Amino acid sequence: MMKQLNAEIVAVGTELLLGQIANTNAQWISQQLALYGVNVLFHSVVGDNLTRVHAEFEHAAKRSDIVIVTGGLGPTDDDLTREAYQLLSGTPIIEHKPSMDKISSYFDRQNGTMTPNNKKQARVFEGATILENKVGMAPGMIITKNNTIWIFLPGVPKEMKQLFSDGVLPYIKNKTQDTTTIESTMLRFIGIGESQLEHEIKDIIAAQSNPTIAPLAQTEGVAIRLTAKAETMKQAKQLIADTQIKIEDKAGAYLYGIDDETIEQKVFQLLLEQRKTVAAAESLTGGLFTDRLIGVEGASAICPGGIVCYDTKVKEDLLHVPSHITRDIGVISAECAESLALNVRSVLGSSLGISFTGVAGPDKVEGYSVGTVYIGIVDGKGTKRIKKFIFNGDRQTIRKKAVWKGYQLLFNLLK
């Protein structure tokens with residue numbers, strides 16, 4: 001029988017309250033706990049103040065089976081998580097020799113001098129289960145007080161995730177007496193909005209039980225997370241595969257990647273399979289498209305290069321855009337986008353040419369409002385796609401959206 005547990009997450013750090021960093025730890029932990037049937041009922045953030053942290057811990061102790069605390073375990077005077085829990089529980093704090101040896105060894109290797117406050121990171125609660133921090137200094141801790149399980153983790157995301165994955169999840173799985181295997185797969189889509197995607201697969205979502213189907217809005221595109229539970233990994237993967245087939249039947253035209261596959265990796269794969277190459281002429285995007293593509297291992301096989309043609313003279317001299325276009329029609333135009341794509345293909349000897357020209361801001365150009373973008377794609381067979389878009393956002397957002405749309409157009413052309 002699976003025991004139901006309710007949890008809350010307390011993030012300690014004034015920098016979170018000031019908005020200097022986002023509380024991504026709580027989001028990630030909640031996602032992991034959901035896989036194991038643990039309900040997260042509360043998220044809270046409290047600054048580096050002993051009285052307020054202690055008060056928050058008092059509230060948490062009264063209402064949750066599991067309290068996960070991130071942050072406040074560092075070496076400085078404002079790292080007060082240990083002191084607040086000691087004030088609440090009366091639990092002695094002792095030095096953990098393996099952690100102290102690790103900290104000392106680190107400073108020895110760096111030929112540095114360890115200041116006394118660094119010893120604070122080796123302090124743990126007496127009787128706690130100690131979780132080894134393999135990527136940082138301060139260990140994690142698990143301790144039970146009055147039937148409440150307290151889990152203390154560093155606030156640095158990479159440290160928190162390692163400790164949570166290696167130590168906390170196995171502990172929670174044991175507590176919930178969950179013997180099933182959990183598998184999760186992410187399906188990534190481009191060219192379709194979250195609401196439209198949900199509409200396309202609404203009957204599949206309505207009938208979901210195992211695996212569960214969770215549409216997620218992303219910074220770029222949308223995704224669906226499929227999560228299955230079964231007695232074995234093979235059974236869980238088969239459940240996911242069966243549901244994935246159903247989703248692809250409805251929205252497969254928009255599916256570009258599985259799990260961590262990126263759109264540039266997919267375009268790379270399609271170009272490689274078709275023995276094609278692509279070169280880019282980038283005005284407002286300033287090399288962002290090419291940078292993403294050559295970040296894929298082996299990209300030299302499909303990308304001879306790109307030309308940043310921000311200035312009109314570069315468009316004319318290097319990419320031979322006729323002056324009657326740049327001067328009479330304008331660089332923010334379908335004609336300019338077509339000429340750039342056509343000529344970069346010729347200059348760099350690629351199968352395909354893609355171009356980006358437009359207004360990233362902050363001011364209008366040639367009478368066009370900020371966010372106006374033209375993207376052109378041409379090939380050696382006379383096929384051309386010249387599209388106009390209006391993107392919202394600041395300068396950097398517009399440039400990134402243009403690059404994303406360029407990859408979408410290439411994906412649609414090649415698939």
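Colleague: Is Glu316 buried or exposed?

Modeller: Glu316 is buried in this predicted model, with a relative accessible area of 18%. The cut-off for buried is under 20%, so 18% for Glu316 falls on the buried side.

Colleague: And which residue does Glu316 pair with in a salt bridge?

Modeller: General idea to begin with: side chains of opposite charge can pair when their charged atoms come close. Here the partner of Glu316 is Arg327, with 3.7 Å between the closest N and O atoms. Glu316 sits in helix H12 (residues 312–317) and Arg327 in helix H13 (residues 323–329), so this pair ties together parts eleven residues apart in sequence. Arg327 counts as exposed, at 63% relative accessibility.

Colleague: How many salt bridges turn up in the whole structure?

Modeller: Eleven, from a search of the whole structure. Another one joins the side chains of Arg292 and Glu264, at 2.8 Å from N to O. Arg292 belongs to helix H11 (residues 288–294) and Glu264 to helix H10 (residues 263–273), so the bridge links parts that are 28 residues apart in sequence. Arg292 is partly exposed at 22%, while Glu264 is buried at 11%.

Colleague: Let's move to cysteines. How many disulfides does the search find?

Modeller: A disulfide is a covalent bond between the sulfur atoms of two cysteines. The search of the whole structure comes back with zero.

Colleague: Where is the kink in helix H6 centred?

Modeller: H6 covers residues 157–175, and its kink of about 45° is centred on Phe164. Phe164 is one of the buried residues of H6, and others include Met160, Leu163, Val168 and Ile172. Glu159 and Gln162 are on that buried list as well.

Colleague: What do the buried residues of H6 pack against?

Modeller: One helix and several strands: helix H2 (24–35), along with strands S3 (66–70), S6 (129–131), S7 (140–145) and S8 (148–153). After H6 comes Gln177, with a positive phi near 55°.

Colleague: Last one: which residues does Gln244 touch?

Modeller: Leaving out residues up to four places away in sequence, Gln244 touches Thr185, Leu187, Leu226 and Ile258. Gln244 is placed in helix H9 (residues 233–251) and counts as buried, at 17% relative accessibility. The side chain of Gln244 also makes a polar contact of 2.8 Å with that of Glu248.

Note on methods
Residues numbered from 1 in each chain as written. Predicted model: local features only at pLDDT ≥ 70, side-chain atom pairs only at ≥ 80, totals over all residues. Heavy atoms only, no water. Disulfide = S-S within 2.5 Å. Bend = angle between axes of the 7 residues up to and from the residue. Helix = DSSP H or I, 4+ residues; strand = E, 2+ residues; numbered from the N terminus. Buried < 20%, exposed > 50% of the residue type's maximum accessible area, 1.4 Å probe, protein only. Contact = heavy atoms within 4.5 Å. Polar contact = N/O pair within 3.5 Å; in protein donor to acceptor, adjacent residues only side chain to side chain. Salt bridge = Lys/Arg side-chain N within 4 Å of Asp/Glu carboxyl O.
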